[in-house]
Amino acid sequence: MSQVNISPERRDYLRRTHRKRMLVLITQLFILMAFFAVWELAARMQWIDPFITSQPSGVLKTLKSLHAGGSLYLHVWTTIWETFVGFTAGTAGGLLIAVLLWWSNFLSRVSEPYLVVLNALPKVALGPILIVWMGNGMGAIIAMALLISIIVTIISMLNGFLTVDQDKIKLLKTFGASRYQILCKVILPASLPNIISALKVNVGLSWVGVIMGEFLVSKAGLGYLIIYGSQVFKLDIVMASVIILAVAAAAMYLGVSYLEKKMLKWQQ
Amino acid sequence: MSVIKVELQNIEMKFQTVEGETEAIRNVSLSVEAGEFVSIVGPSGCGKSTILNILSGLNKSTAGQVRVNGRMGYMLQKDHLFEWRTILNNCLVGPEVQGQDMKAARESVIHLLKTYGLENFMHHYPNQLSGGMRQRAALIRTLAVNPDVLLLDEAFSALDYQTRLTMVDEVWTILKKENKTAIIVTHDIAEAISMSDRIIVFSHRPAEVKSIYSIELAQAGNPPLENRKDERFRHYFDAIWKELDVHVTG
Ligand SMILES: Nc1ncnc2c1ncn2[C@@H]1O[C@H](COP(=O)(O)OP(=O)(O)OP(=O)(O)O)[C@@H](O)[C@H]1O
Ligand SMILES: [Mg+2]
């Protein structure tokens, strides 16, 4: 909407808010640059030991050589792929099971103590078992990512389903709705904000699962690079991997946030 | 001789829960004729909503007979419009659930929205509407499945006083115009008198019919707001007030 007649007060207000936004952005950028500048400076002046802290120029050089060797993309894509598959499977599987438990009160009551215990258990402890069962490859890593997110998803989704306003359900029943219709027309749409927030949590959890998995086993991936780098004391590789990881994780999170904005139009 | 739309005979309702048994309704019989507006008043928790639930088929009574001649439409206290649907799509939820011909349903709902002043808000989301408009949308949603009998359970009590008076008037006019029968549950005695042909007073739980008032005002067929000015209004109000036996201790 473009307004033709803007009052002077409005123009002032818009200019002020714009200036404030720019100020925040500039400060943020400044902090980022200052951080790298100080890091580089400290390493060059030998205030810190670049052998154990690495330094931005070294990281850059490492990135370049990884890029030239082509192995950078292998590692990045391996990790992103594993995360994506683990995230999707964990979220979809969790949602599906939650629907099932919502559908059958009996099943949900039977499964309750199991879910509580599984939720409390640190899933990383299952890593070695997964490796024994699935071999030391991608399968175990994806399973790790899936396991870490699926239980939380089930629990939070089911809770969401059960707290949907009973009167909304009653309203549909007055029209003679079946259980399936109640699911599709009230429970799922009403839980959409809930589902999205589960997505956001799961993105983070899947990264944790994948990196944990790659620490334990793997021949490729950012987690592998981090472990390898630290073992051969090439901190440049470790830092470069961490930075890529931060960028990739942030990008995936932004993707979900974008999805949220698209899907929850009616909330504004 | 008018057509009997709804008939309850010796209805009894006991709820079973882990904590115990609640006898909500002991022995209720009543019948409502086509075109009649009947109000049910009674102390809080006496079983008024339960009666409506039984009438609409949401609950099954533990004993007694329900005879219903026609389709039921239910209006609840809050509008319960789905925030994720536009007003138009909210109003279409009934036909959708019942698998009706959506093209025809859409046309008739749009017609209703036009008639009752929501034309410009069809494509808005519920949170963009005022309380009164939302309640009107909820009424249209109920009318969309073309019910013969409307059950209103405290349908106006979530509104502020002024909106409430206008909405009662509006809804009454709409329902009369559409030739509906209505069963109205309310705790507002004045609202009951102003809207209805008959008022049924329930006892404390377990509900029984305590008494029935036929409302005959000086001018028959007036809308609720007019009725409030009627000289006999006061008389009915006092009588029902006493009947409800509300003790104010101080
Ligand atoms: N599903 C249920 N299970 C158990 N008890 C119930 C159930 N529904 C209603 N009751 C009980 O039945 C009684 C009547 O409830 P009902 O909702 O019909 O009262 P009401 O007259 O509509 O009250 P109010 O004026 O507060 O709306 C109450 O004591 C209530 O606790
Ligand atoms: Mg009630």
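This is a predicted model: local features need pLDDT of at least 70, side-chain atom pairs count only at pLDDT 80 or more; totals for chains, interfaces and linings use all residues.
Residues are numbered from 1 along each chain as its sequence is written, chains are lettered from A and ligands numbered from 1 in the order in which they are written, and side-chain values use heavy atoms, with hydrogens and water left out.

I begin with chain A. The domain assignment gives domain 1 as 3-48 and domain 2 as 52-267; such bounds come from an automatic or database domain assignment. The contact between them takes six residues from domain 1 of chain A and seven residues from domain 2 of chain A, where contact means heavy atoms within 4.5 Å. The centres of the two domains, taken over C-alpha atoms, are separated by 33 Å. Which three residues of domain 1 supply more of its buried area than any other three? They are Phe36(A), Trp39(A) and Glu40(A), with 71% of what domain 1 of chain A buries against domain 2 of chain A.

Across this interface there are zero salt bridges, a salt bridge being a side-chain nitrogen of Lys or Arg within 4 Å of a carboxyl oxygen of Asp or Glu. Glu40(A) does, however, form a salt bridge with Arg44(A), with the closest N and O atoms 2.8 Å apart. Both residues lie in helix 1 (residues 8-44) of chain A, four residues apart, about one turn of the helix.

In total, chain A has 12 helices and zero strands. Helices (H or I, at least four residues) and strands (E, at least two) are DSSP runs, numbered from the N terminus. In the loop between helix 11 (222-231) and helix 12 (235-263) of chain A lies Phe233(A), a residue other than glycine whose phi is positive, near 55°. The C-alpha atoms of chain A fill a box of roughly 75 × 70 × 30 Å along the principal axes.

I turn now to chain B. Its contact with chain A takes 19 residues from chain B and 19 residues from chain A. Together the two chains bury about 1,900 Å², 68% of it on carbon and sulfur atoms. On the chain B side, His80(B), Trp84(B) and Val97(B) lose the most area to chain A, together 33% of what that side buries.

How many salt bridges are there between chain B and chain A? The count is two. Glu83(B) forms a salt bridge with Lys168(A), the closest N and O atoms being 2.8 Å apart. Helix 3 (residues 93-97) of chain B gives the largest share of the side that touches chain A, namely four residues. The whole structure, over all chains, holds 15 salt bridges.

One further feature of chain B concerns its backbone. The peptide bond from Arg205(B) to Pro206(B) is cis, with omega near -5°. Pro206(B) is found in the loop between strand 8 (198-202) and strand 9 (207-214) of chain B.

Methods
Buried area is the accessible area (1.4 Å probe) that two parts lose on being put together, summed over both.
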